[in-house]
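Here's a quick tour for anyone opening this structure for the first time. Take a look at it, then read on for the main points.

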Amino acid sequence: MSRVRLVQQLERLPLLIERQPLAYGLVLLVAGVAWAARMAFDPVLPSGFPYITFFPAVILSSFLFGRGPGVMAGVVCGLLSWYFFIPPRYSFALDRGTAIALAFYTFVISVDIVLIHWMQHATKRARAERERSRQLAEERGRLAEERGALADQTELLFNELQHRVSNNLQMVGAVLSLQKRGITDPAARQALDDASSKLQMIGRIQRQLYGTKGEQVPLDIFLSELTDDLIAAGGKPGITLSVAAAPGILLPPDAAIPVALIMAEAVANAIEHGFAERDHGSIAIELARHDDLIELCVCDDGHGLPESFDPMQATSLGLKVARTLARNLDARFEIKAAHPGTRMQLTLPARS
């Protein structure tokens, strides 16, 4: 029998807890067997061993059936040994020697019964504790599975929501582009073009702002991915774009989206105006954090600003949107000549 199986068998003791009459009857049988064995060995045993078969009977009864049956076995075996094997035999005569022998017997079986009871009580507590631990482990496993399933469902729902929002925004932008076909006024067509491009840009930003598990993407990764789309949409593959961004900068979505829109507007202006008659050039984007301020710069080596250009008075939709977004962020928005090219700088509080 393996050690584990032996431990399992011992943990079932005492037996017959719910069938006590049967347990006490078996105790009487054990006491009778002990008496018969003592009678059989009596001719070959020297005097002075009245309890030699009764001690094992008491221990076995306590071990198998518990404290109550063990006490009964001790009483019955004590009486049998007193009457049959303690001189003068076949009587309950009590003298000093008999009293000492009975006291010794009582002390030994009491210690045995108490030790066995404590051992079984400790085993019972250990078994109950192990069962509680098993139930807790199963409950934790079940909760972990439920949390995992819930997290998977939440992730799927979040990703689906992100895609739907992004697709809907880009669809609205596409509808605006279609609407301009019936419009002949150049200003109105340009306004629809600008609105369409802005909506489609917001859709791309919304899609790229979060990772696959719903976590927000740091600005350095987010802006790098976004600039790839901007260059591809600009239609001038000869223009190179580099991003130097401090890692790990995070902004809440209601601040990250406006920052991305302002950067996208600066890149789009550089491609459209700074490189109006050129198919090559470079645009550099820098993102840094200085204490409680975050600074975003977009620099190009294009034609630069016209002599009379005033960004605060510019009437283009893109610059108006950029100024409005910067104002909502409590940010400072500047466009300056860079010699060569143009420099756009956005400085906003990190708490944004």
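Start at Leu346: leaving aside residues up to four places away in sequence, Leu346 touches Val259, Ile262, Ile294, Glu295, Leu296, Ala326, Ala331, Arg332 and Phe333. Keep in mind that this is a predicted model.

**The cores**
- Leu346 and Phe333 have the most contacts inside the largest nonpolar core, which has 43 residues.
- Several elements each give two or more residues to this core: helices 7 (219–234), 8 (253–274) and 9 (317–328), along with strands 2 (281–290), 3 (293–300), 4 (332–337) and 5 (342–349).
- The top contributor is helix 8, with 13 residues.
- Apart from that one lies another core, made of 22 residues, and its members include Ala31, Cys77, Tyr105 and Ile109.

**Helix 4**
- Helix 4 covers residues 67–85, and its 19 residues should span 27 Å at 1.5 Å a residue; the end C-alpha atoms are 26 Å apart, so the two agree.
- Quite a list of its residues is buried, including Pro69, Gly70, Ala73, Gly74, Cys77, Gly78, Ser81 and Trp82.
- As background, residues three or four places apart in an α-helix point the same way, because there are 3.6 residues a turn.

**The cysteines**
- Is Cys77 buried or exposed? Its relative accessibility is 0%, so Cys77 counts as buried.
- Cys297 counts as buried too, because its relative accessibility is 1%.
- How many disulfides does a search of the whole structure find? The answer is zero.
- For Cys297, the nearest cysteine sulfur belongs to Cys299 and is 5.7 Å away; Cys297 is in no disulfide.

Notes
Residues numbered from 1 in each chain as written. Predicted model: local features only at pLDDT ≥ 70, side-chain atom pairs only at ≥ 80, totals over all residues. Heavy atoms only, no water. Helix = DSSP H or I, 4+ residues; strand = E, 2+ residues; numbered from the N terminus. Expected span 1.5 Å × (residues − 1). Buried < 20%, exposed > 50% of the residue type's maximum accessible area, 1.4 Å probe, protein only. Disulfide = S-S within 2.5 Å. Core = buried A, V, L, I, M, F, W, Y, C linked by side-chain atoms within 4.5 Å. Contact = heavy atoms within 4.5 Å.
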